[in-house]
Amino acid sequence: MGHSRVHLWFIGPAVILMMGLLIFPVFVAAFLSFTDYNLGNPSFNWIGVENYDRLVTRSTYKKMFTASLTYVLLVVPISVALGLGAALLISSLRIGGELYKAVFFLPVMATLLAMAIVWEFALHPIVGVVNDILRSGCDVGLLHALLSGSWLGGDPLQSWYGHACAEDFPLWLGDKDYALGTIAFIGIWQGFGFNMVLYLAGLTSVPRELYQAAHMDGADSAWERFRLVTWPMLGPTNVFVVTISSIRSFQVFDTVEALTRGGPAKSTYVMVYAMFEKGVKQNLLGIGSAITIVFLGFVLILTLIQVYFVNRRVHYA
Amino acid sequence: MMVRTNWLGEFLKHSVLLAGAIVVLLPFYLMLSYSLKSPAEIESNTGGFVGSQEIMTDRRCIKAGKPPEECDMRPIVYNYTAAFSEAPLVRYMLNGVFVTVSIFVIQVLVALPCAYALSKLRFWGRDVVFGLVIFCLLIPVHAIALPLYIMLAKVGLTNTYAALIIPWTISVFGIFLMRQFFMTVPDDLIDAARMDGMSEFAIVWRVMLPTAIPALLAFGIFSVVAHWNDYYWPRVVITGNRDLMTPPLGLRMFKSDLDGNEYGPMMAATTVIVLPLVIIFLLAQRRFIEGITMTGMK
């Protein structure tokens, strides 16, 4: 075998698989999104942009976009902020940092579907431990006063906590006003530890001398050091963490499928779940493919934003 | 600069982190605790962590016509035996191991030679292939699950092990990671191997593979964790055939089969599925965190 040909054996399998399993399916989805194709039916009709038209006009899909965007807008800022906060606190600790790091990273490792089921038990409206803990606070005068705001002279029934004590605590996953927030809470619980380790890695790359220089220039408080040194130096990490979290949270599926199935009243009908329900369960592959294409569009935009920022503004090193 | 310890600040930091740690650990605590307790204790939230472990009667065992004295057991025994007898948990776990290991081995077999060619061989079209790799990094496999499912259904492969493995055989991320790693390997090493008369194939597997162990380990952790925990893809391609189910999918089926108060066995099954990765993680924490962050791009 000649040296000049051997590379074909090395790249061949990878190139064939990339074409067949990544590029080709995108074309398949793009093609099918203009048809009314379904499995089991040998023929199909070319229906133009009808599927896309449905995506922008039907209220179901409006709810789908709302649910997905709201979920991302809840999970990304909070999990990034918590990740950064945890990283800053842990890196400034004298002892015990490694322990907290391991604890906060545990949910990243654990099977999300399994932990979602545990959260469902914990959030059960009647026997769940969460409402049990919340309820027990109602009978403690001091806690009730503190949480309901009546210690400030407010009417306890006007506050969320006081009202819930008088009526009852939410059904969480069963209430359309709370379901998406609850799913987002599980997403944040699961993902912020991942952001934390990315930030910890980012923090170690901030040169020590910069803090000394800032100290010389009179930046003494922790806040000043953060504002003048840490935050600007974390630029590339920020971009990376925000895009990664956005792409990850756009793909939320496990918790929705196992706990709410898109309900109640489509309040948690996120895109990947819609893709699964329409395409796989209902065999409506045309509309499922249209959702796939829109979804890929979103991911592409997020990645391009990342590339733009990484190349433009945030390079300090 | 004198270092002074701000004890109040240190105390406040620990309080905040501790509060966070309690919320993070709550479901793990509940999972373990529920897997030990009796249904009554679970529903009334009593009994502390392990419960009173009073002897209880297994109703299903009575129904099966066994003598009552065989059906009296402690809740912990009941929960775990029910978990293993009500669902083919062992089968699910073996499926999980088989699928994750197969995926990782094939990914390495495909990615390593490609990464070597992209970093150390000069050939026409190399930049095009690398461009293709970068482009493919943009496509999350979960996003194209539907067309992949259609393709597999067309060739009659749904409900097979092949369906669980095929879409993951190509890891563009693995190629990218290995290529970056091989770029740092000195060319002299490869030239020396060529002088010794080694073929290019031998160089890939006997020279490059051993040098790539750290990167492979990181990638392996990433790959195994991702596919052991993956629920979406198995949910799409496995419909009903329990013999093929991976742990998360099996657990989901277990959940939908249950009647109201079988929390104990359910949590026992959850513990059995979550625990392997958690234990390995706690033993090799640093490597895991490095592996996952190094490969954090996906």
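How are helix 15 of chain B and helix 16 of chain B oriented to each other, roughly parallel or roughly antiparallel? The answer comes after a word on the model and its conventions.

This is a predicted model, in which local features need pLDDT of at least 70 and side-chain atom pairs count only at pLDDT 80 or more, while totals for chains, interfaces and linings use all residues. Residues are numbered from 1 along each chain as its sequence is written, and chains are lettered from A and ligands numbered from 1 in the order in which they are written.

Two packed helices are described by the angle between their axes and the distance between the axes. Axes are lines fitted to C-alpha atoms, for helices over the stretch in contact, and angles run from 0 to 180 degrees between N-to-C directions. Helices are DSSP runs (H or I, at least four residues), numbered from the N terminus.

In chain B, helix 15 (residues 247–257) packs against helix 16 (residues 263–283) at an angle of about 175 degrees, and their axes are 11 Å apart. Helix 15 of chain B and helix 16 of chain B are therefore roughly antiparallel, a term for angles over 145 degrees, whereas angles under 35 count as roughly parallel, 65 to 115 as roughly perpendicular and the rest as oblique. Helix 15 of chain B contributes B:Pro247, B:Leu251, B:Phe254 and B:Lys255 to the contact, and helix 16 of chain B contributes B:Met266, B:Ala269, B:Thr270 and B:Ile273. Residues are in contact if their C-beta atoms, placed from the backbone, lie within 7 Å. By class, this contact of helix 15 with helix 16 of chain B has 6 nonpolar, 1 polar and 1 charged residues. Ala, Val, Leu, Ile, Met, Phe, Trp, Tyr, Cys and Pro count as nonpolar, Asp, Glu, Lys and Arg as charged, and the others, Gly among them, as polar.

A second pair in chain B, helix 6 (residues 89–120) and helix 13 (residues 213–229), packs at about 140 degrees with axes 9 Å apart; these two helices are therefore oblique to each other. Residues of helix 6 of chain B in this contact include B:Gly96 and B:Phe104, which belong to a set meeting residues of helix 13 of chain B, among them B:Gly220 and B:Trp228. The contact of helix 6 with helix 13 of chain B holds 7 nonpolar, 6 polar and no charged residues.

Between the chains, the contact takes 70 residues from chain A and 73 from chain B. Helix 1 (residues 6–32) of chain A supplies the largest share of chain A's side, 15 residues. That side of chain A divides into 56 nonpolar, 10 polar and 4 charged residues.

Key: Contact = placed C-beta atoms within 7 Å.
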